[in-house]
Amino acid sequence: MTAQQPFLSLRNLSVGFGPQGAIRAVRDVSFDLEAGKTLCLVGESGSGKSVTATSIMGLHKPGSAVVTADRLRLDGRDLLSCDEAQLSGLRGSLMAMIFQDPMSSLNPALTIGFQLREALQLHEKVSRKAADARVLEILQWVRIPDAARRMNAYPHQLSGGMRQRIMIAMALICRPRLLIADEPTTALDVTVQAQILWLLSELQREFGTAIIFITHDLGVVAEIADDVAVMYAGTLVERGSVHDIFERPSHGYTAGLLRATAEFVPGEESLGRLEEIPGNVPSFSMLPKGCSFVDRCRFAAPSCHERTPDWRQVAEGHDTRCDQPIDDARAASALRETMI
Amino acid sequence: MTMSPSKTFAAMRSARPGLAVSLSLFALAVVILMAIFGPIVLGSGNGLNPLMRLKPPSALAWFGTDNLGRDVFVRTISGARNSVMVGLSTAVVVLLIGGTLGVLAGYFKWVDRVVMRLADGLMAIPGILLAIALVSVLGGGLVTIIIAISVPEIPRTARLMRSVVLSIRELPFITAAVSVGSSTPKILLRHVVPNAIGMLSVQATYVCAAAILSEAALSFLGVGTPPDVPSWGNVIASGKEYFRLAPWIIAFPGVILSIMVLSINIIGDRLRDRFDPRLAARKAS
């Protein structure tokens, strides 16, 4: 890896489903990720976050999706030109993924130990005994109590939090350098969620893993992200450091998302009515002309209906896909509006 | 889900198998013992005795005798071997071939197109007619009968397995297995097949029962087991002309055949309840 080349680099990734890929669920997604950094991909359900992730992993069923990109490089390898066998060799060893639903992401017919051992032995030639030792080690690392006994347990004998930790162990057992976590904490309660987040940051400190974390929980984002990329209706609308995005959102959608977060102010009786973004996400077959957020944007100008906005830099390392980026003065006046 | 229904289910599942299943297992055990030891202890029952023709059941011949003076009891016991062999062999052949084709068809689209069109073609022909045609082409004998009964059963099993695999392959743990780098053959063998085994074993009992019936039907029609080898089908066939004079020739093997098939089906139903994904889901929650 040279200094100029980021660890993971995406340029104009598009994914289409249906005949000839006519339904474009993801359009022109571009971002870079350095080793040891965490990128949070945020956006509401159906905005294309998971599809982006599964496209990087190459997990679409053959013939079901059309994936195109100007560049999709991981650690100097062009993932788009890899065939299935090459991808299979990279999955688990170079890149791994944690799925949203721990209840159904483990094979119910096999023991935990067997599944973890298999994940290891797919990529490393190790004896059964050495493999068992590694499995035990990683189970202890993800804080599975009584790990030696749990190796012989079946998934249904474990709680959701434990299963999610097993999933993490399975993704990490070969020490991948890119980890994609697709809403790994959505199905879990808050204390377990905190443990999982702590584990991931521990992993990153220890092995310098790059993490793509998909979530719509902005609290989680604030906690773990280095960079944030905001997705809306299949495309990226804003990207920047977590500080930039939270302090100076420049796209109407990002600002709306942040305002829709409940904030607890000590001493106040009620939170009041939670703010919302009016309207719904447009369907992929009926995207509005111009900016896809135009119909819901409170700052929309007539020109927004005309042309699709290009990327524009609002600060160093902070880009937005908006022709009328929010500046501080406008944000202040919008804030006054909501106060009244 | 509230506590009480899941408790009820737990109670139902932990309850003892029930009288019907126990009796079925007992009947099955008796028939299998008959199949193993019957011909060794009693012989094939082919000895002709003109003086003993068409005698009703008595202490000498418990199930009576047929038109050639052969002991119906001995022939029924010995016939169990033929029926059990046909039933088990057909189940094994059908599961291996039909199951494999079904798994492949469920996982690979191009296999699906080929296999399912062939299956459609085969299923358009009534099973027993197809079996008769195959026996007349291939000639008599146990192996031929097993092939003839298997061929019409294979498409049904392949279809069932295909539908089971189609639903399994969409489950998240298959994607998870792909994401840690499992190859397609490994996914099929370690992740898909073990989760389909339950349905497969249920299907096995139905195929076995159907094969025993088909063998009896073929023998009854005169294209099955040769007359010198007793089977329930040809014992019943040999009694059909004397039904009004000597109903015992048909009655005893007929009743035993019915009990055997009923038992296998009851066991199959029990297995199906056990492996039903909906019941399993309740157990997990």
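Select Ser9(A) and Arg73(A): Ser9(A) stands opposite Arg73(A), which belongs to strand 5 of chain A. Strand 1 of chain A and strand 5 (residues 71-74) of chain A run antiparallel and are joined by four bridges. Helices (H or I, at least four residues) and strands (E, at least two) are DSSP runs, numbered from the N terminus. Two strands pair if DSSP finds at least two bridges between them.

Before moving on, note that this is a predicted model, in which local features need pLDDT of at least 70 and side-chain atom pairs count only at pLDDT 80 or more, while totals for chains, interfaces and linings use all residues. Residues are numbered from 1 along each chain as its sequence is written, and chains are lettered from A and ligands numbered from 1 in the order in which they are written.

**Stop 1: around strand 1 of chain A**

Strand 1 of chain A pairs with strand 2 (residues 23-33) of chain A in the antiparallel sense, over seven bridges. The hairpin of these two strands has five residues between the strands, and Gly18(A) there takes a positive phi near 80°.

Strand 4 (residues 65-68) of chain A is antiparallel to strand 1 of chain A, with four bridges in the pairing. In general, strands of a sheet pair through backbone hydrogen bonds, either parallel or antiparallel.

Which value does phi take in Asn12(A)? Phi is near 50° in Asn12(A), a positive value in a residue other than glycine. Asn12(A) lies in strand 1 (residues 8-17) of chain A. Asn12(A) counts as partly exposed because it has 13 C-beta neighbours inside 10 Å. A residue is buried if 20 or more other C-beta atoms lie within 10 Å of its own, exposed if 12 or fewer, and partly exposed in between, with C-beta atoms placed from the backbone.

**Stop 2: a loop residue**

Jump to Asp146(A), in the loop between helix 4 and helix 5 (147-150) of chain A. Phi of Asp146(A) is near 60°, again a positive value in a residue other than glycine. Is Asp146(A) buried or exposed? Asp146(A) is exposed, because 10 other C-beta atoms lie within 10 Å.

**Stop 3: two crossing helices**

Select helix 3 (residues 112-121) and helix 4 (residues 128-141) of chain A, whose axes come within 9 Å and cross at roughly 110°. This makes helix 3 of chain A roughly perpendicular to helix 4 of chain A. Axes are lines fitted to C-alpha atoms, for helices over the stretch in contact, and angles run from 0 to 180 degrees between N-to-C directions. Angles under 35 degrees count as roughly parallel, over 145 as roughly antiparallel, 65 to 115 as roughly perpendicular and the rest as oblique.

To see the contact, pick Leu116(A) and Leu120(A), among the residues from helix 3 of chain A, and Ala131(A) and Val135(A), among those from helix 4 of chain A. Two residues are in contact if their C-beta atoms, placed from the backbone, lie within 7 Å.

**Stop 4: the open sheet**

Now colour the eight strands of chain A that form an open sheet in the order 7-8-9-3-10-11-13-12, with mixed pairing. Strand 7 (95-98) and strand 12 (312-315) of chain A are the edge strands, each pairing on one side only. Inside the sheet, strand 8 (residues 178-182) and strand 9 (residues 210-215) of chain A run parallel, joined by five bridges. Select Ile180(A) and you can find its bridge partner, Ile212(A), in strand 9 of chain A.

**Stop 5: over to chain B**

Show helix 3 (residues 72-107) and helix 10 (residues 248-275) of chain B, which pack at an angle of about 30° with their axes 10 Å apart. These two helices of chain B are therefore roughly parallel to each other. Val72(B) of helix 3 and Phe252(B) of helix 10 are among the residues that make the contact.

**Last stop: where the chains meet**

Show both chains together: the contact takes 25 residues from chain A and 16 residues from chain B. Helix 7 of chain B gives the most to the side of chain B that touches chain A, with six residues.
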